Amino acid sequence: MTRALPQDHAIQQLMLQAKQSQLSRRRLLQGAGVGMSALALAACAAPDGSDAIDISDSDSSLVWASWPSYIDEDLSGSSATLKAFKKETGIEVEYKAVVKDNVGFYLTMKDQLALGQPTGADIICVSDWMAARLIRFGYAQKFDSANMPNKANLTKTLSSPEFDPKREYSLPWQSGFIGLAWNAEEYPKGLVSVEQLWNDDLKGKVVVLAEMRHTMGMLLLANGVDISDGNWGIDEFKKASAVLETHLASKHILGVYGSDYLDKLKSGEALAGFARAGDVAVLNAQAGYEKFKFLLPGSRGTFFTDSLVIPAGAQHKANAEKLMNFYYDPAIATEVVEWIHCVSPVDGTLEYAIENFPKLASNQFTFPNATAMSRASTFRTLSTTDDQSFNAEFRRITGKG
(Lines give C-alpha, C1' and ligand atoms only; values in the text may rest on other atoms or scores of the structure.)
Protein backbone atom coordinates (compact mmCIF):
# COMPACT_ATOMS: atom_id res chain seq x y z
CA MET A 1 0.00 0.00 0.00
CA THR A 2 1.31 3.44 -0.88
CA ARG A 3 -0.17 6.39 0.26
CA ALA A 4 2.73 17.39 -5.71
CA LEU A 5 0.84 20.72 -11.41
CA PRO A 6 3.42 26.76 -13.58
CA GLN A 7 3.87 30.53 -12.40
CA ASP A 8 4.37 34.23 -13.31
CA HIS A 9 3.57 35.33 -16.89
CA ALA A 10 4.40 38.79 -18.25
CA ILE A 11 1.65 41.25 -17.46
CA GLN A 12 1.19 42.12 -21.14
CA GLN A 13 0.70 38.51 -22.16
CA LEU A 14 -1.63 37.87 -19.27
CA MET A 15 -3.76 40.86 -20.22
CA LEU A 16 -4.07 39.50 -23.74
CA GLN A 17 -5.11 36.10 -22.44
CA ALA A 18 -7.55 37.73 -20.10
CA LYS A 19 -9.12 39.70 -22.93
CA GLN A 20 -9.43 36.60 -25.07
CA SER A 21 -11.10 34.73 -22.23
CA GLN A 22 -13.26 37.72 -21.22
CA LEU A 23 -11.91 37.51 -17.69
CA SER A 24 -12.61 40.03 -14.99
CA ARG A 25 -9.96 42.38 -13.65
CA ARG A 26 -10.16 40.49 -10.37
CA ARG A 27 -9.00 37.27 -12.01
CA LEU A 28 -6.29 39.11 -13.91
CA LEU A 29 -4.84 40.44 -10.68
CA GLN A 30 -4.92 37.01 -9.06
CA GLY A 31 -3.29 35.28 -12.02
CA ALA A 32 -0.54 37.87 -12.13
CA GLY A 33 0.21 37.32 -8.45
CA VAL A 34 0.21 41.03 -7.67
CA GLY A 35 0.01 40.56 -3.92
CA MET A 36 -2.22 40.45 -0.91
CA SER A 37 -4.37 43.40 -1.91
CA ALA A 38 -5.63 41.48 -4.92
CA LEU A 39 -6.31 38.44 -2.76
CA ALA A 40 -8.23 40.55 -0.30
CA LEU A 41 -10.39 41.88 -3.13
CA ALA A 42 -11.02 38.35 -4.33
CA ALA A 43 -12.22 37.33 -0.89
CA CYS A 44 -15.33 39.46 -1.43
CA ALA A 45 -16.21 37.90 -4.76
CA ALA A 46 -18.95 35.37 -5.37
CA PRO A 47 -17.97 31.98 -6.81
CA ASP A 48 -17.94 32.04 -10.61
CA GLY A 49 -15.77 29.10 -11.63
CA SER A 50 -18.50 27.04 -13.28
CA ASP A 51 -18.11 28.21 -16.89
CA ALA A 52 -15.89 25.42 -18.22
CA ILE A 53 -17.04 23.22 -21.10
CA ASP A 54 -17.84 19.73 -19.83
CA ILE A 55 -16.80 16.97 -22.24
CA SER A 56 -17.81 14.09 -19.97
CA ASP A 57 -20.38 12.81 -22.50
CA SER A 58 -17.66 12.20 -25.08
CA ASP A 59 -14.70 11.36 -22.82
CA SER A 60 -15.10 8.74 -20.10
CA SER A 61 -12.08 9.72 -18.05
CA LEU A 62 -10.93 12.05 -15.31
CA VAL A 63 -7.79 12.98 -13.38
CA TRP A 64 -7.94 13.00 -9.59
CA ALA A 65 -5.20 14.92 -7.73
CA SER A 66 -4.89 13.96 -4.09
CA TRP A 67 -2.53 13.13 -1.24
CA PRO A 68 -0.32 10.04 -0.93
CA SER A 69 -1.81 7.09 0.95
CA TYR A 70 -5.33 8.53 0.71
CA ILE A 71 -7.13 5.73 -1.12
CA ASP A 72 -7.21 1.93 -1.05
CA GLU A 73 -4.02 1.60 -3.07
CA ASP A 74 -1.81 -1.48 -2.83
CA LEU A 75 1.95 -1.64 -3.39
CA SER A 76 1.47 -1.89 -7.14
CA GLY A 77 -0.62 1.30 -7.15
CA SER A 78 -3.85 -0.55 -7.85
CA SER A 79 -7.12 0.48 -6.16
CA ALA A 80 -9.96 -2.02 -5.89
CA THR A 81 -12.56 0.71 -5.48
CA LEU A 82 -11.33 2.61 -8.56
CA LYS A 83 -11.55 -0.63 -10.53
CA ALA A 84 -15.10 -1.08 -9.25
CA PHE A 85 -15.94 2.51 -10.23
CA LYS A 86 -14.69 1.92 -13.77
CA LYS A 87 -16.68 -1.30 -14.01
CA GLU A 88 -19.84 0.44 -12.81
CA THR A 89 -19.55 3.65 -14.85
CA GLY A 90 -17.03 3.00 -17.61
CA ILE A 91 -15.02 6.00 -16.42
CA GLU A 92 -11.23 5.63 -16.29
CA VAL A 93 -9.65 7.46 -13.35
CA GLU A 94 -6.01 8.55 -13.23
CA TYR A 95 -5.23 8.97 -9.56
CA LYS A 96 -2.26 11.27 -8.98
CA ALA A 97 -0.79 11.45 -5.47
CA VAL A 98 0.70 14.89 -6.12
CA VAL A 99 -0.58 16.94 -3.17
CA LYS A 100 2.20 17.22 -0.60
CA ASP A 101 0.89 20.35 1.12
CA ASN A 102 -1.99 22.71 0.36
CA VAL A 103 -0.04 25.89 -0.42
CA GLY A 104 2.56 24.21 -2.60
CA PHE A 105 -0.15 22.47 -4.60
CA TYR A 106 -2.18 25.67 -4.98
CA LEU A 107 0.85 27.53 -6.34
CA THR A 108 1.28 24.96 -9.11
CA MET A 109 -2.15 25.77 -10.57
CA LYS A 110 -3.10 29.28 -9.46
CA ASP A 111 -2.38 30.85 -12.86
CA GLN A 112 -4.56 28.35 -14.70
CA LEU A 113 -7.31 28.77 -12.14
CA ALA A 114 -7.21 32.54 -12.55
CA LEU A 115 -7.61 32.13 -16.31
CA GLY A 116 -10.32 29.50 -16.05
CA GLN A 117 -8.08 27.02 -17.85
CA PRO A 118 -7.64 23.29 -17.15
CA THR A 119 -5.19 22.64 -14.34
CA GLY A 120 -4.45 19.06 -15.25
CA ALA A 121 -6.93 17.73 -12.69
CA ASP A 122 -10.71 17.34 -12.83
CA ILE A 123 -11.14 16.81 -9.11
CA ILE A 124 -8.75 17.76 -6.32
CA CYS A 125 -8.49 16.96 -2.63
CA VAL A 126 -7.42 19.85 -0.37
CA SER A 127 -7.95 20.82 3.24
CA ASP A 128 -11.14 22.67 4.05
CA TRP A 129 -9.37 25.99 4.58
CA MET A 130 -7.94 25.74 1.06
CA ALA A 131 -11.30 24.66 -0.32
CA ALA A 132 -12.69 27.81 1.29
CA ARG A 133 -10.05 29.91 -0.50
CA LEU A 134 -10.84 28.34 -3.88
CA ILE A 135 -14.56 28.92 -3.43
CA ARG A 136 -14.01 32.49 -2.24
CA PHE A 137 -11.83 33.29 -5.28
CA GLY A 138 -14.30 31.76 -7.74
CA TYR A 139 -11.98 28.85 -8.53
CA ALA A 140 -14.45 26.03 -7.83
CA GLN A 141 -17.30 24.68 -9.96
CA LYS A 142 -20.78 24.32 -8.52
CA PHE A 143 -22.03 20.76 -8.22
CA ASP A 144 -25.03 19.35 -10.05
CA SER A 145 -26.70 17.54 -7.17
CA ALA A 146 -28.73 15.42 -9.58
CA ASN A 147 -25.52 13.53 -10.33
CA MET A 148 -24.85 12.96 -6.61
CA PRO A 149 -27.84 11.36 -4.83
CA ASN A 150 -25.49 9.75 -2.30
CA LYS A 151 -24.59 13.24 -1.09
CA ALA A 152 -27.56 12.65 1.23
CA ASN A 153 -25.23 10.36 3.22
CA LEU A 154 -23.00 13.29 4.25
CA THR A 155 -22.78 13.35 8.03
CA LYS A 156 -24.63 16.28 9.54
CA THR A 157 -21.67 17.65 11.49
CA LEU A 158 -19.83 18.42 8.21
CA SER A 159 -22.80 19.36 6.07
CA SER A 160 -22.87 23.13 6.53
CA PRO A 161 -19.46 24.76 6.99
CA GLU A 162 -19.26 28.55 7.03
CA PHE A 163 -17.38 28.67 3.71
CA ASP A 164 -19.83 26.42 1.84
CA PRO A 165 -23.09 26.23 3.86
CA LYS A 166 -24.92 24.00 1.38
CA ARG A 167 -21.84 22.02 0.32
CA GLU A 168 -22.45 23.13 -3.28
CA TYR A 169 -18.78 23.48 -4.15
CA SER A 170 -17.00 21.02 -1.87
CA LEU A 171 -17.60 17.61 -0.38
CA PRO A 172 -15.59 16.11 2.48
CA TRP A 173 -13.29 13.25 1.58
CA GLN A 174 -11.84 12.34 4.98
CA SER A 175 -11.16 13.84 8.39
CA GLY A 176 -8.49 12.98 10.91
CA PHE A 177 -6.43 13.70 13.97
CA ILE A 178 -3.01 15.36 14.26
CA GLY A 179 -1.01 14.25 17.28
CA LEU A 180 2.32 12.82 18.33
CA ALA A 181 3.99 9.85 16.67
CA TRP A 182 7.20 7.99 17.39
CA ASN A 183 9.17 4.93 16.38
CA ALA A 184 8.41 2.45 19.16
CA GLU A 185 11.42 0.28 18.30
CA GLU A 186 14.01 3.03 18.32
CA TYR A 187 12.38 5.21 20.96
CA PRO A 188 10.56 2.76 23.25
CA LYS A 189 10.03 5.19 26.15
CA GLY A 190 7.62 7.11 23.94
CA LEU A 191 5.95 10.48 24.35
CA VAL A 192 3.02 11.91 26.25
CA SER A 193 3.50 15.65 25.64
CA VAL A 194 4.64 18.05 22.95
CA GLU A 195 7.36 19.30 25.28
CA GLN A 196 9.00 15.86 25.24
CA LEU A 197 9.76 16.30 21.54
CA TRP A 198 12.51 18.65 22.70
CA ASN A 199 14.27 15.97 24.80
CA ASP A 200 18.02 15.90 24.19
CA ASP A 201 17.91 12.33 22.90
CA LEU A 202 15.63 13.41 20.03
CA LYS A 203 17.90 16.18 18.75
CA GLY A 204 17.92 16.13 14.95
CA LYS A 205 15.29 13.38 14.90
CA VAL A 206 12.03 15.38 15.03
CA VAL A 207 9.75 16.16 12.09
CA VAL A 208 7.01 18.79 11.95
CA LEU A 209 4.42 19.38 9.26
CA ALA A 210 4.43 21.98 6.48
CA GLU A 211 0.73 22.62 7.05
CA MET A 212 0.70 25.75 9.20
CA ARG A 213 -2.52 24.81 10.98
CA HIS A 214 -1.23 21.35 11.85
CA THR A 215 2.12 22.32 13.33
CA MET A 216 1.09 25.63 14.86
CA GLY A 217 -2.15 24.14 16.12
CA MET A 218 -0.19 21.61 18.15
CA LEU A 219 2.23 24.25 19.47
CA LEU A 220 -0.56 26.68 20.36
CA LEU A 221 -2.44 23.94 22.20
CA ALA A 222 0.73 23.06 24.11
CA ASN A 223 0.87 26.72 25.18
CA GLY A 224 -2.66 26.49 26.56
CA VAL A 225 -4.39 28.30 23.67
CA ASP A 226 -7.85 27.09 22.66
CA ILE A 227 -7.33 27.17 18.91
CA SER A 228 -11.04 26.69 18.18
CA ASP A 229 -12.21 30.01 19.65
CA GLY A 230 -11.53 33.56 18.50
CA ASN A 231 -10.01 34.93 21.70
CA TRP A 232 -6.42 34.80 20.54
CA GLY A 233 -4.36 36.30 17.75
CA ILE A 234 -0.93 37.18 16.46
CA ASP A 235 0.63 37.63 19.92
CA GLU A 236 -0.23 34.07 20.95
CA PHE A 237 0.77 32.82 17.51
CA LYS A 238 4.21 34.47 17.71
CA LYS A 239 4.81 33.07 21.19
CA ALA A 240 4.16 29.55 19.89
CA SER A 241 6.12 30.14 16.68
CA ALA A 242 9.14 31.22 18.77
CA VAL A 243 9.30 27.64 20.05
CA LEU A 244 9.38 26.36 16.49
CA GLU A 245 12.02 28.92 15.48
CA THR A 246 14.25 28.01 18.41
CA HIS A 247 14.24 24.30 17.65
CA LEU A 248 14.72 24.81 13.93
CA ALA A 249 17.68 27.12 14.54
CA SER A 250 19.29 24.62 16.90
CA LYS A 251 18.77 21.79 14.38
CA HIS A 252 16.75 19.89 16.95
CA ILE A 253 14.03 19.62 14.31
CA LEU A 254 15.18 17.58 11.32
CA GLY A 255 12.87 19.48 8.99
CA VAL A 256 9.44 20.80 8.03
CA TYR A 257 7.79 18.40 5.62
CA GLY A 258 4.69 17.79 3.58
CA SER A 259 3.57 14.21 3.12
CA ASP A 260 7.23 13.22 2.69
CA TYR A 261 7.57 13.28 6.48
CA LEU A 262 6.49 9.66 6.23
CA ASP A 263 9.68 8.82 4.33
CA LYS A 264 11.75 10.30 7.16
CA LEU A 265 9.94 8.17 9.72
CA LYS A 266 10.18 5.02 7.63
CA SER A 267 13.90 5.46 6.98
CA GLY A 268 14.69 6.10 10.66
CA GLU A 269 16.09 9.55 9.97
CA ALA A 270 13.29 10.81 12.18
CA LEU A 271 12.15 9.10 15.36
CA ALA A 272 9.26 11.33 16.39
CA GLY A 273 7.15 14.32 15.53
CA PHE A 274 3.73 15.60 14.59
CA ALA A 275 1.74 13.19 12.45
CA ARG A 276 -1.67 12.28 11.11
CA ALA A 277 -3.25 9.30 12.81
CA GLY A 278 -4.18 7.71 9.49
CA ASP A 279 -0.62 8.03 8.19
CA VAL A 280 0.70 6.18 11.23
CA ALA A 281 -1.79 3.39 10.62
CA VAL A 282 -0.57 3.15 7.01
CA LEU A 283 3.08 3.02 8.16
CA ASN A 284 2.24 0.16 10.50
CA ALA A 285 0.35 -1.68 7.78
CA GLN A 286 3.38 -1.37 5.51
CA ALA A 287 5.68 -2.59 8.28
CA GLY A 288 3.37 -5.50 9.10
CA TYR A 289 3.33 -4.72 12.81
CA GLU A 290 2.88 -1.79 15.20
CA LYS A 291 6.27 -0.19 14.68
CA PHE A 292 4.97 3.34 15.25
CA LYS A 293 2.79 4.71 18.01
CA PHE A 294 0.34 7.63 17.92
CA LEU A 295 -1.45 9.55 20.63
CA LEU A 296 -3.13 12.84 21.38
CA PRO A 297 -1.11 14.61 24.09
CA GLY A 298 -2.62 15.96 27.27
CA SER A 299 -2.74 19.38 25.65
CA ARG A 300 -5.00 17.86 22.96
CA GLY A 301 -4.50 17.29 19.25
CA THR A 302 -6.03 18.90 16.21
CA PHE A 303 -8.84 17.68 13.96
CA PHE A 304 -8.92 18.46 10.24
CA THR A 305 -11.10 17.78 7.22
CA ASP A 306 -10.00 17.46 3.60
CA SER A 307 -12.56 18.03 0.85
CA LEU A 308 -13.05 17.31 -2.83
CA VAL A 309 -13.39 20.27 -5.22
CA ILE A 310 -13.91 20.44 -8.99
CA PRO A 311 -11.54 23.25 -10.02
CA ALA A 312 -12.37 25.99 -12.48
CA GLY A 313 -11.44 24.90 -15.98
CA ALA A 314 -11.94 21.19 -15.31
CA GLN A 315 -13.57 19.57 -18.34
CA HIS A 316 -14.91 16.34 -16.82
CA LYS A 317 -17.29 17.78 -14.25
CA ALA A 318 -20.07 15.20 -14.60
CA ASN A 319 -17.54 12.38 -14.38
CA ALA A 320 -16.13 13.89 -11.19
CA GLU A 321 -19.61 14.15 -9.71
CA LYS A 322 -20.23 10.47 -10.46
CA LEU A 323 -16.96 9.68 -8.71
CA MET A 324 -18.00 11.55 -5.57
CA ASN A 325 -21.38 9.88 -5.63
CA PHE A 326 -19.72 6.46 -5.86
CA TYR A 327 -17.50 7.09 -2.85
CA TYR A 328 -20.46 8.30 -0.79
CA ASP A 329 -21.90 4.80 -0.80
CA PRO A 330 -21.29 3.59 2.80
CA ALA A 331 -19.87 0.25 1.69
CA ILE A 332 -17.37 1.86 -0.69
CA ALA A 333 -16.48 4.56 1.84
CA THR A 334 -15.77 1.93 4.48
CA GLU A 335 -13.55 -0.06 2.12
CA VAL A 336 -11.38 3.05 1.75
CA VAL A 337 -11.34 3.70 5.50
CA GLU A 338 -10.23 0.13 6.12
CA TRP A 339 -7.05 0.96 4.19
CA ILE A 340 -6.29 4.53 5.25
CA HIS A 341 -7.78 4.61 8.78
CA CYS A 342 -9.22 8.12 8.57
CA VAL A 343 -12.60 9.41 9.74
CA SER A 344 -15.19 9.03 7.01
CA PRO A 345 -17.78 11.79 6.41
CA VAL A 346 -20.28 9.20 5.15
CA ASP A 347 -23.16 8.09 7.37
CA GLY A 348 -23.58 4.34 7.49
CA THR A 349 -19.88 3.50 7.51
CA LEU A 350 -19.83 2.57 11.19
CA GLU A 351 -22.66 0.10 10.73
CA TYR A 352 -20.92 -1.42 7.72
CA ALA A 353 -17.63 -1.61 9.63
CA ILE A 354 -19.24 -3.28 12.64
CA GLU A 355 -20.52 -6.03 10.37
CA ASN A 356 -17.48 -6.40 8.11
CA PHE A 357 -14.47 -4.90 9.94
CA PRO A 358 -15.22 -5.15 13.70
CA LYS A 359 -11.65 -4.33 14.78
CA LEU A 360 -11.69 -1.21 12.61
CA ALA A 361 -15.05 -0.19 14.06
CA SER A 362 -13.52 -0.12 17.55
CA ASN A 363 -10.64 2.19 16.53
CA GLN A 364 -11.30 5.57 18.14
CA PHE A 365 -9.08 7.41 15.64
CA THR A 366 -11.25 6.06 12.81
CA PHE A 367 -14.70 5.93 14.37
CA PRO A 368 -14.27 8.38 17.27
CA ASN A 369 -16.84 8.62 20.02
CA ALA A 370 -17.62 11.79 21.97
CA THR A 371 -14.73 11.18 24.35
CA ALA A 372 -12.21 10.88 21.54
CA MET A 373 -13.56 14.00 19.83
CA SER A 374 -13.27 15.92 23.12
CA ARG A 375 -9.50 15.35 22.94
CA ALA A 376 -9.13 17.28 19.68
CA SER A 377 -9.64 20.88 18.54
CA THR A 378 -10.34 22.37 15.13
CA PHE A 379 -8.26 25.39 14.11
CA ARG A 380 -10.58 28.40 14.06
CA THR A 381 -11.62 30.09 10.82
CA LEU A 382 -9.15 32.88 10.13
CA SER A 383 -9.94 36.39 8.98
CA THR A 384 -8.03 37.62 5.93
CA THR A 385 -5.76 39.66 8.22
CA ASP A 386 -4.98 36.75 10.53
CA ASP A 387 -4.53 34.36 7.62
CA GLN A 388 -1.96 36.66 6.02
CA SER A 389 -0.19 37.43 9.30
CA PHE A 390 0.00 33.84 10.51
CA ASN A 391 1.16 32.47 7.18
CA ALA A 392 3.77 35.21 6.80
CA GLU A 393 5.19 34.38 10.23
CA PHE A 394 5.19 30.65 9.54
CA ARG A 395 6.80 31.21 6.14
CA ARG A 396 9.49 33.45 7.69
CA ILE A 397 10.46 30.71 10.08
CA THR A 398 10.07 27.60 7.96
CA GLY A 399 10.27 28.74 4.34
CA LYS A 400 7.01 26.86 3.81
CA GLY A 401 3.57 28.18 2.86
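I start with the second largest cavity, where strand β4 gives the largest share of the lining, three residues. This is a predicted model, in which local features need pLDDT of at least 70 and side-chain atom pairs count only at pLDDT 80 or more, while totals for chains, interfaces and linings use all residues. Residues are numbered from 1 along each chain as its sequence is written, and side-chain values use heavy atoms, with hydrogens and water left out.

Some terms. Helices (H or I, at least four residues) and strands (E, at least two) are DSSP runs, numbered from the N terminus. On a 1 Å grid over the protein atoms alone, a cavity is a set of points where a 1.4 Å probe fits but cannot get out; a pocket is an open set with protein on both sides within 12 Å along at least five of seven lines; lining residues have an atom within 4 Å of a point.

The volume of this cavity is about 50 Å³, that is, the space filled by probe spheres set on the points, which are joined across faces, edges and corners. Its lining includes Trp173, Tyr327 and Val336. Besides β4 (171–183), α12 (330–340) also gives two or more residues.

Next, the second largest pocket, at about 520 Å³. It has 19 lining residues, and Ala281, Asn284, Glu290, His341 and Asn363 lie nearest its centre. Helix α10 gives the most, five residues.

Now the core. A nonpolar core is a set of buried Ala, Val, Leu, Ile, Met, Phe, Trp, Tyr and Cys residues joined through side-chain atoms within 4.5 Å. Buried means under 20% relative accessible area, exposed over 50%, partly exposed in between (1.4 Å probe, protein chains only). Which of the 113 residues in the largest core touch the most other members? They are Trp64 and Tyr327. Contact means heavy atoms within 4.5 Å, and the residues that Trp64 touches include Ile71, Trp173 and Tyr327.

Last, helix α8, residues 234–249. The expected span is 1.5 Å times one less than the number of residues, so the 16 residues of α8 should span 22 Å, and the end C-alpha atoms, 21 Å apart, agree with that. Among its buried residues are Phe237, Ala240, Ser241 and Leu244. The buried residues of α8 pack against β5 (206–209), α7 (212–222), β6 (253–257) and α16 (384–398). Just after the helix, Lys251 takes a positive phi of about 70 degrees.

Conventions:
Lists of a residue's contacts leave out its neighbours within four places in sequence.
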